[in-house]
Amino acid sequence: MQLVFDTNVLVDALLSRGHYYKHTLELLEAVKEEKIEGWVASHSISTIFYLLESTLQQDIHNRKEVQEIVSKLIYELLDIIKVIPQTAHDIKISLKEFESDYEDYVIAKIAQNYLPNPIIVSRDKRFDGAVNIDVEHPVDVKRLLENQSRQKIDFANLAKQQRKIIPEIEKNIHRVITKCNFIMGDEITQLEQKLQDFTGAKYAITCASGTDALLLAMMAMDIQPDDEIITTPFTFIATAETIALMKAKPVFVDIEDDTYNIDATKIEAAITHKTKAIMPVSLYGQPADMDAIQAIAYKHKLKVIIDGAQSFGSTYKGKTDSNLGDISTTSFFPAKPLGCYGDGGAVFTNNDEYAEKMRMMRVHGQNKRYHHKYIGMGGRLDTIQAAILLAKLTNYPEEIKQRQAVATTYSEKLDSSVINPITKEERSSVWAQYSIRVKDRDQVQNKLKEAGIPTAVHYPMPLHLQECFQYLDYKEGGFPVAESVSNEIMSLPMNPFLTEKEINAIVLSIHA
Amino acid sequence: MQITIDIEDNADNKDVVNKILTSLEKYKNQGVKIRKPLFFYEDEVDDDSNSKEHKGSKQAPLNNSVGDTFNKILGDYARERVNVSIGEDRMLLQKALWDRYGQ
């Protein structure tokens, strides 16, 4: 539920007006404590300004002083509630459709357009009801909040995340659009600097997707046809698909039974004279056993490429997994812990040569305009996606903590009928997924579905059994742990905004 | 042309409405073009009370509460204001807009 405050109740609260201002103040207090979302239509701000100004002019004769106070009041208010965006299209539609009050209609219309479950908080008995939207008096909203039934649980809740940072997103997108710097604009440089600061890696180079990030890493390492790269069969297809796209051979090694990451103790047995690299995946957000993997790589003179598509911000012995291996990659796919609004990715390295090559290769291998040193690709991140990521990155450390708190709550509440994910010592996970193992997955998923709780399976079939990899000649039973886990694994809703009440509802449905 | 309408200090809302309407009618009859949009708020001047529950909370704002923050900004001008109505707000708004754009 999102409260959209009408002009009258906000002026009441700001000026201690009327019989009901304390009720509105209580609602604003709840918004400030993030118990509920509070919004105001951008359309209302100038009206609030005029009303405050006119009212205060009855007490204060110095207009400049009045305006200063009014500005401060509204500024303070907008630290608590957020402004609903409004486009020229919203205005034109409202002009066409309104029945009795244009301003009311705009408020209702944009509230419906931008918010999933809005309620207008107003004292106005005649609020234009042309749009089918709930309008409640501040006194009644309080009661409504107390009695509200459980809202639909969202799997990743990107919409709520967006609503939290909408002013920064709007500002950043608008800046890119205004400057028309759509390709390799300033925001790319700014983001790469911030990614370097965040990860501790010497170089952060953005690119068009997590898949392109893996390709760039292998291109920089000059992976050749028939080279072998050791990786996990229990991951998203892109990991092995990119190896195959390079005409190299993915060589699978089974996974650990507890972290579901590649089992480092089984890697050496898979090494041949053709092996060039090891590609561990930080599945569900947790790094693999990097000390063991690095030691094997060092011993056999192999490179390490970390597929960190799900793990941006996770750590291994105090270092982010973007700052481990020869090259580390990540994905900014929207559902990832740090996601943009389309495809996006990045590569990280401390190696000067790799960095230089990957910078060129993402722009068709060019070292200066229309001069191409390498065969490359059109693999740049759009400036507009960088602008979105810049807005999101500010909140990301806090969101990681919130995800970790959600995971802890799940682990505490779920009983032994399920196998909970674990985080190994000296590692941290960013919890891209909270994936449990259950014996009767279909039944549990159906129970949750009936309760309105979304789930997913990451991943139902290991890669060695996929049709596209039949040519590798792996057989069922080849990787028993991966096969067993893929039959039992299921992911529960995971996002920074899951409340304890929601987690209780999910757990209750699993235990039922 | 700007017309000033004298309103007595103790005039109630209905007096104000009647006075404005009478004045506007008078000037209209004299051929003065009235540009100010007319809003008949006569039926809206009472305190709005569409709530099912009318009692307001009596406690003072807590320290560092939202209300306390607003009052700190208002400083000496922080006080409870009564007799609020949508009609009054519209009148104030019209006046503000008229002062700014209507002349």
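A:Y316 stands opposite A:R427 of strand β17(A), a pairing to look at in this predicted model. Strand β11 of chain A, residues 315-316, is joined to β17(A) by two bridges, and the two strands run antiparallel. Below, the notes widen from this sheet to chain A as a whole, then turn to a few individual residues, the cysteines and a helix of chain B.

- Three strands of chain A form an open sheet in the order β12-β11-β17, with antiparallel pairing.
- Its edge strands are β12 (319-320) and β17 (427-428) of chain A, each of which pairs on one side only.
- As background, the strands of a sheet pair through backbone hydrogen bonds, in either a parallel or an antiparallel way.

**Chain A as a whole**

- Chain A contains 19 helices and 19 strands.
- Along the principal axes, the C-alpha atoms of chain A fill a box of roughly 85 × 60 × 40 Å.
- Of the 512 residues in chain A, 57% are buried.
- Among the chain A contacts with a separation of 6 or more, 70% come from residues 24 or more positions apart.

- Where does A:N172 sit? Helix α9 of chain A, residues 166-179, holds A:N172.
- A:N172 is buried, because its relative accessible area is 6%, under the 20% cut-off.
- Leaving aside residues up to four places away in sequence, A:N172 touches A:A387, A:L390 and A:A391.
- A:E103 belongs to helix α6 of chain A, which covers residues 102-114.
- Which residues does A:E103 touch, not counting those up to four places away in sequence? They are A:T7, A:H43, A:S44 and A:T47.
- From A:E103 to A:I45 there are 58 residues in sequence, while their C-alpha atoms are 11 Å apart in space.

**Cysteines**

- How many disulfides does the structure hold over all chains? The count is zero.
- A disulfide, in general, is a covalent bond between the sulfur atoms of two cysteines.
- For A:C207, the closest cysteine sulfur is that of A:C340 at 10 Å, so the two are too far apart for a bond; the cut-off for a disulfide is 2.5 Å.
- Seen from the other end, A:C340 is in no disulfide, and the nearest cysteine sulfur, that of A:C207, is 10 Å away.
- Is A:C207 buried or exposed? A:C207 is buried, with a relative accessible area of 0%.
- A:C340 is likewise buried, and its relative accessible area is 0%.

**Helix α2 of chain B against chain A**

- Helix α2 of chain B spans residues 66-74, and its buried residues are B:V66, B:G67, B:D68, B:F70, B:I73 and B:L74.
- What covers these buried residues of α2(B)? The cover includes four helices of chain A, namely α1 (7-15), α2 (21-32), α3 (42-56) and α4 (63-80).
- After α2(B) comes B:G75, which has a positive phi near 55°.

Technical notes. Residues numbered from 1 in each chain as written. Chains lettered and ligands numbered in written order. Predicted model: local features only at pLDDT ≥ 70, side-chain atom pairs only at ≥ 80, totals over all residues. Heavy atoms only, no water. Buried < 20%, exposed > 50% of the residue type's maximum accessible area, 1.4 Å probe, protein only. Pairing = 2+ DSSP bridges. Contact = heavy atoms within 4.5 Å.
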